[in-house]
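Good morning, and thank you for coming. May I ask you to look at the structure on the screen while I speak?

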Amino acid sequence: MSEGARLGGAIAETDAVAPEHHRIGLARIFAAFFWLGVTSFGGNTAAWLYHRMVQRRHWITDAQFLAGVALGRIMPGSGGVNLTVQVGQRLRGSAGAVAAVFGLLSGPLVIVVALAAAYARGGWSPAVHAILDGVAAAAIGLTFATGLKLLPRGAARLGPLAVALATVLCVGILRWPMLPVVLCLAPVSIGLALVQRRSA
Amino acid sequence: MPDDFRTLLALVLVFVPLSLLSIGGGASLLADMEHESVAVRGWTSPREFADLFAISRAAPGPGTMLAALIGWKAAGWAGAMTATVALYLPSSLLVYGAARLWGRWRGSLWHSAVERGLAPVAAGLLLSGGIAVLRISPGGPAVWAAAVIATLLLLRWPRLHPLALFATSGALFGATALW
């Protein structure tokens with residue numbers, strides 16, 4: 001657990017995060033995120049992570065995933081890597097976070113440099129660029145499908161649905177800066193959640 | 001090799017601030033990286049940067065792995081690793097600390113209210129991310145159409161493996177280009 005000490009602070013509490021799961025081993029976390037890293041084409045790590053870690057492995061819930069996405073996007077850095085840190089931390093504390101991030105990044109690092117070396121030997125044909133467009137389109141599809149699946153639904157959740165659609169309108173369509181939009185919409189949404197809890 | 005060392009140090013000095021200050025995820029990071037590596041440091045020409053961007057799109061993993069390529073261009077393998085660590089380590093430590101602090105309040109009423117309140121915002125951000133990528137995609141209307149078809153297929157058949165869909169879509173686009 002030396003990683004825990006290195007990453008800052010006592011580990012006792014970090015380890016207390018895991019008991020809700022039947023502790024998943026570090027090697028399994030590393031392997032799962034390595035596989036996620038080397039197969040997540042198209043750049044949207046979050047959508048792939050949802051497919052693998054939530055839908056396939058059930059390592060975290062929809063709610064935990066969305067909380068991780070939110071914090072990961074509000075904080076500086078890559079949203080996908082930030083989400084990976086949080087999932088690893090949930091699964092196995094600080095060591096889990098280290099295993100997940102190393103797993104996620106080590107494969108793509110080697111692959112991307114190897115591709116660049118190949119590219120330096122004379123570029124790519126237009127067909128390769130077309131293939132990349134095709135892959136990018138599928139990646140966007142995966143992102144949309146994930147986002148749509150996670151939209152709030154049901155008559156009792158019209159308020160949250162309105163918040164989600166307002167986020168899409170402001171950030172996605174009008175291209176307003178993300179942080180102020182989130183800082184305006186999040187308090188409204190949290191207030192809604194509090195009120196609903198009280199009336200329930 | 002003092003020159004190599006100086007380049008590595010420069011990579012750290014560029015990517016650590018990017019790591020800590022670039023809010024808004026991949027898209028804003030890419031814009032900042034382009035500015036630094038082309039205009040400020042001269043590690044790549046604009047044309048080279050565009051090539052590196054295309055290469056990073058072809059590789060799996062986070063889109064921001066482009067940082068590794070800039071490091072590679074500037075200082076070989078050592079540069080690739082330095083840039084990767086400098087870009088991801090500071091922000092990862094920050095988010096780790098925040099997540100742990102946040103986890104301390106798990107179980108309280110407002111903790112669950114905040115998480116439930118953030119969920120729809122997060123779903124909206126995911127969808128917005130898809131729209132942002134669609135917008136900067138160089139492929140035009142064909143990409144838009146394929147993205148919509150892929151979305152519908154995945155929603156209709158959730159068991160469909162994304163990799164199968166990615167391979168099919170890539171092959172179809174490649175074949176059309178060859179024709």
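Predicted model: local features only at pLDDT ≥ 70, side-chain atom pairs only at ≥ 80, totals over all residues.

Chain A contains 9 helices and 0 strands, so its pattern along the sequence reads α-α-α-α-α-α-α-α-α. Of the 200 residues in chain A, 52% are buried. Among the contacts in chain A with a separation of 6 or more, 63% are between residues 24 or more positions apart.

Let me move to the core. The largest nonpolar core has 115 residues, and those touching the most other members are Leu66(A), Ala68(B) and Ala122(B). Which residues does Leu66(A) contact, leaving aside its neighbours within four places in sequence? In its own chain there is Leu150(A), and in chain B there are Leu118(B), Ala119(B), Ala122(B) and Ala123(B).

Now to helix 6 of chain B, which runs over residues 141-156. Its 16 residues reach 23 Å from the first C-alpha to the last, close to the 22 Å expected at 1.5 Å a residue. The buried residues of this helix are Val143(B), Ala146(B), Ala147(B), Ala150(B), Thr151(B) and Leu154(B). They lie on the same side of helix 6 of chain B because they cover an arc of only 140° around the axis. What do these buried residues pack against? Their partners are helix 7 (126-149) of chain A, and helix 5 (109-136) and helix 7 (162-178) of chain B. On the face turned away from the buried side, helix 6 of chain B carries the exposed residues Pro141(B), Ala145(B) and Arg156(B).

Terms used. Residues numbered from 1 in each chain as written. Chains lettered and ligands numbered in written order. Helix = DSSP H or I, 4+ residues; strand = E, 2+ residues; numbered from the N terminus. Buried ≥ 20, exposed ≤ 12 C-beta atoms within 10 Å, placed from the backbone. Contact = placed C-beta atoms within 7 Å. Core = buried A, V, L, I, M, F, W, Y, C linked by C-beta atoms within 7 Å. Expected span 1.5 Å × (residues − 1). Arc of directions from axis to C-beta.
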